[in-house]
Amino acid sequence: MAATHIALFVSGLAVLLLLVQGSPPGPVVQCRSGNTNCTVTNGYGAFPDRSTCRVAAVAYPSTEQELLLAVSDATAKQQHMKAVTVYSHSIPKLSCPGGPSGQGLVISTQRLNRSVSVDLATSRMTFEAGITLRALLDAAAARGLALPHSPYWQGVTLGGLLSTGSHGSSVFGKGSAVHEYVVGMRLVVPSPVPVKGYYAKIVNLGEDDPDLLAAKVSLGVLGVISQVTLQLEPMFKRSITNRVVSDVGFEQTISSYAVTTHYGDIIWYPSQGRVVYRDDIKVPITTKGKGVNNFLGFRAQPTLVIASTRASEELSELTGNAAGKCALSRLQTDTLIATGMGLKNNDGGLLDFTGYPVVGNQSDMQSAGSCLRSAEDKLLTACGWDPRFAGLFYHQTTISIPFTTIADFIADVKKLRDAHPNALCGTELYLGFFMRFVRSSTAYLGKTDDVVDIDITYYRSKDPKRPRLKEDVLEEIEQMALFKYNGLPHWGKNRNVGFLNIKNKLGAKLDKFVSAMQKYDSNGLFSSDWTDAVLGLRGKEVVVQGNGCALEGLCICSTDDHCAPKQGYYCQPGEVYEQARVCRKIKSVEADV
């Protein structure tokens, strides 16, 4: 997200029966004249504050030497820079340079996408930073090797997923964060004085170099990642069975489940009172099975169907029809469960999914994203969130809560759910509360505890001044996770408020990261107002105050004007977490059912 995410919509059973091709996403950098006078966005077509990022130019280096030259030229001019990936799936403004608008440079890693070397004796491979996850997994598999863990979305690049701390799900061994398997990295960083004629230099970090702890999760503020060496392992298989149970008391068993299921994750549908456990274990390569993960939400889908479904959701929002969202979410959840969540084990048969367990190679099971790889069909079909048509548009709140307090957090959410039975149905249109497991990290910007990482995806209006249906409930959950339970945000998937108080949450680890940042980019050419705000530097703030700012997560409301008083939404205290301040509709004509 991004960085990677689970963007997650299934448009009903009819979609599953269509044979679709898919239009690959369009470019995230658009220029008016060659590679100059450009705008930069992300894969969803909108940053959290909906601002337009304007840059002077984009560079497309295809070798490390060309990358060195691009960084050197910009450094000599004291021009702010940012790396941008091919699909740019981070929601926050990590790809927008600092400095005056329209004067920065973005350096695309799109052409730095190759495998560099392999050492079969040690199971290590080196890749250029712009290689996509799908290409990386295929290159490793061709040599009989597997990446131990990865995000679930194939459209992220190696450099992007590392910079945002992306992960899979596991507390076994070193855990599920990809950066835990980095054993070497090459960076191109600014140099204030010439080095062999360049105002930039190549930094080669080995696995014992303490600066690697800063570089392997960096938000892109140290320089541009050129190459990464990963510790892989011999190919193996996974066996997956999805199991559906009631959510009664499930919060008490999350920790024990995590330590007994190698790759397990959990989807909680709170309004439905259901939990889906993915019982996912490692099995020998000799185990029979040719399964593939082709998650339904990541397949190409007919744009007319997606647009129609979005229109239905907007109508439910406009008319206050929470019950309608509940009915649709139940149908979609039943469809996902009945079709194995998109897992394929047909071995050439007519049906994709023929029953559990689904067994397949690690490289085929650990991620999905077939909507990226099909031939162009002029947007008849596409990834569901492609901004070129009126499809999905959503917020994401992704927060990690320590194992020690996860049961209490879920119990609090259940109290809100019980008080407002249909308030969370909207999240269930986007896979509910999606829970993965991540170990504490040595990386300075990594997790500080063993955590349950919770993804919540939900409706976002095209109009930033229009409140959401049942907005207060999700706002209270967001603030509860962040402040009552001291949750850490995912760097690539959150609204602005998710990054409040990072300095205190990371403590000494953040100080060490900032020291490395100043060492490699003393003039802050790879920093921006956004990264400074997130890291608590140079007096910048993540909060953006103004009328309606709480509706978009740009602020936490403190006055009614931060909500939408003319539409009946006022700033109110939380119900379970009373310290929360949320935009609640007062004297609503709708009723919980």
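I counted a disulfide wherever two cysteine sulfur atoms lie within 2.5 Å. The model is predicted: local features need pLDDT of at least 70, side-chain atom pairs count only at pLDDT 80 or more, and totals for chains, interfaces and linings use all residues. Residues are numbered from 1 along each chain as its sequence is written, and side-chain values use heavy atoms, with hydrogens and water left out.

**Disulfides**

I get seven disulfides by this rule. I looked at C53 and C96, which are joined with an S to S distance of 2.2 Å. Their link is right-handed, with 95° about the S-S bond. C53 sits in strand β3 and C96 in the loop between β4 and β5, 43 residues apart. I take buried as under 20% relative accessible area, exposed as over 50% and partly exposed as in between, with a 1.4 Å probe and protein chains only.

Next I checked C326 and C425, whose sulfur atoms are 1.9 Å apart. This link is right-handed too, at 85° about the S-S bond. It connects helix α8, which holds C326, to helix α11, which holds C425, across 99 residues. Both of these cysteines are buried.

The sulfur atoms of C563 and C583 are 2.1 Å apart. Here the link is left-handed, with -80° about the S-S bond. C563 is in the loop between α15 and β25 and C583 is in strand β26, so the pair ties together parts 20 residues apart in sequence. C563 has a relative accessible area of 3%; for C583 I read 0%.

**E476**

Which side chain of opposite charge is nearest to E476? I found R584, 4.3 Å away. E476 is buried and has no salt bridge, which I define as a side-chain nitrogen of Lys or Arg within 4 Å of a carboxyl oxygen of Asp or Glu. Lys and Arg count as positive, Asp and Glu as negative; His and the chain ends are not counted. E476 lies in helix α12 (residues 471–484). Its side chain reaches the backbone nitrogen of Y577 at 2.8 Å.

**Strand β13**

I traced two partners for β13. With strand β15 it pairs in the antiparallel sense over 10 bridges, and T241 stands opposite D279. With strand β19 it pairs, also antiparallel, over four bridges; S239 stands opposite V359 there. Strands pair if DSSP finds at least two bridges between them.

Key
Helix = DSSP H or I, 4+ residues; strand = E, 2+ residues; numbered from the N terminus. Polar contact = N/O pair within 3.5 Å; in protein donor to acceptor, adjacent residues only side chain to side chain.
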